[in-house]
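Work through the exercises below with the structure open. Each task is followed by a solution in steps.

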Amino acid sequence: MRLKDKVAIVTGGAHGIGRAIAEAFAEQGAAVLIADLDVEAGGSLAESMRSAGGRAEFWPTDVSSKTAVTEAVEIAARWTGRIDVLCNNAAYLGEFHGVLEATDDEWDKCLRVQLLGTNNCTRAVLPYMIAQHAGSIVNVVSIQAMVGCPTSVAYTAAKAALLGFTLSAAYDYGKNNIRVNSLCPGPIQTRISPKPGEAAYEWQCAQTLLGRVGQPGEVAQAALFLASDEASYITGATLPVDGGWTAR
């Protein structure tokens, strides 16, 4: 039980990578609050996790809303009065465009959800973590913050900014024994990913050294490590989970 008796919040936790992280945290003993906009999927997941013997709750949360984030954190704190782990996974995945095609709305949503949403959630949990002199924050970023990818300027810029956010937060709150790290997934097979046989899927596989895309559970295990006390001397780090894409 690597997260026994800890309280964790996973944003964007109803689907894909976020769901796998929430399940992994619960399996390892954490009480998990799933914060997501998808009420049906989030509620169903929480019920499934409880049926499996875990502790889980769902709270409908728009991370770009400070009020919604505050409510979610307060719900999570009801378990023990602590917030031990925050996984900032929520992201906006619209259609990707280059500089000339990206709309103001696309820029606004990418920045509000990915960057300012991460800031909102981090600000909300920090008072708890400072008071208990312990905490782990895992920011799910992307290898698109590390390498060039086509037609995704707003998404890439917001994700790259998260790397800087991680470094600054790690610097400021290390003295409080709060660790802040970035997790950068490569191509991962989720419900919105290219399907086997499609050109985009084959291109993704070809970019990795392992010759395949990853699974959400593989990212979840990396998040579990960074969240746990096993990573007690790791902060301000960037961990790619990308099959070797960024090593090329």
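Helices (H or I, at least four residues) and strands (E, at least two) are DSSP runs, numbered from the N terminus. The model is predicted.

**Exercise 1.** Describe the lining of the largest pocket by residue class and by the elements that supply it.

Solution. 
1. The space in this pocket is about 1,300 Å³.
2. Its lining comprises 45 residues, and those nearest the centre are Ala-91, Leu-93, Tyr-155, Thr-190 and Ile-192.
3. By class, the lining has 23 nonpolar, 15 polar and seven charged residues.
4. At least two lining residues come from each of helix H1 (16-27), strand E2 (31-36), helix H4 (104-132), helix H5 (153-173) and helix H6 (199-207).

**Exercise 2.** Find which parts of the chain are linked by the salt bridge between Arg-2 and Glu-230, and classify the exposure of both residues.

Solution. 
1. The closest N and O atoms of Arg-2 and Glu-230 are 2.9 Å apart, and the cut-off is 4 Å, so the pair forms a salt bridge.
2. Arg-2 belongs to the segment before strand E1 (7-11), whereas Glu-230 sits in the loop between helix H7 (216-227) and strand E7 (238-241); the two are 228 residues apart.

Notes
Residues are numbered from 1 along each chain as its sequence is written. This is a predicted model: local features need pLDDT of at least 70, side-chain atom pairs count only at pLDDT 80 or more; totals for chains, interfaces and linings use all residues. Side-chain values use heavy atoms; hydrogens and water are left out. On a 1 Å grid over the protein atoms alone, a cavity is a set of points where a 1.4 Å probe fits but cannot get out, and a pocket is an open set with protein on both sides within 12 Å along at least five of seven lines; lining residues have an atom within 4 Å of a point. Grid points are joined across faces, edges and corners, and a volume is the space filled by probe spheres set on the points. Ala, Val, Leu, Ile, Met, Phe, Trp, Tyr, Cys and Pro count as nonpolar, Asp, Glu, Lys and Arg as charged, and the others, Gly among them, as polar. A salt bridge is a side-chain nitrogen of Lys or Arg within 4 Å of a carboxyl oxygen of Asp or Glu.
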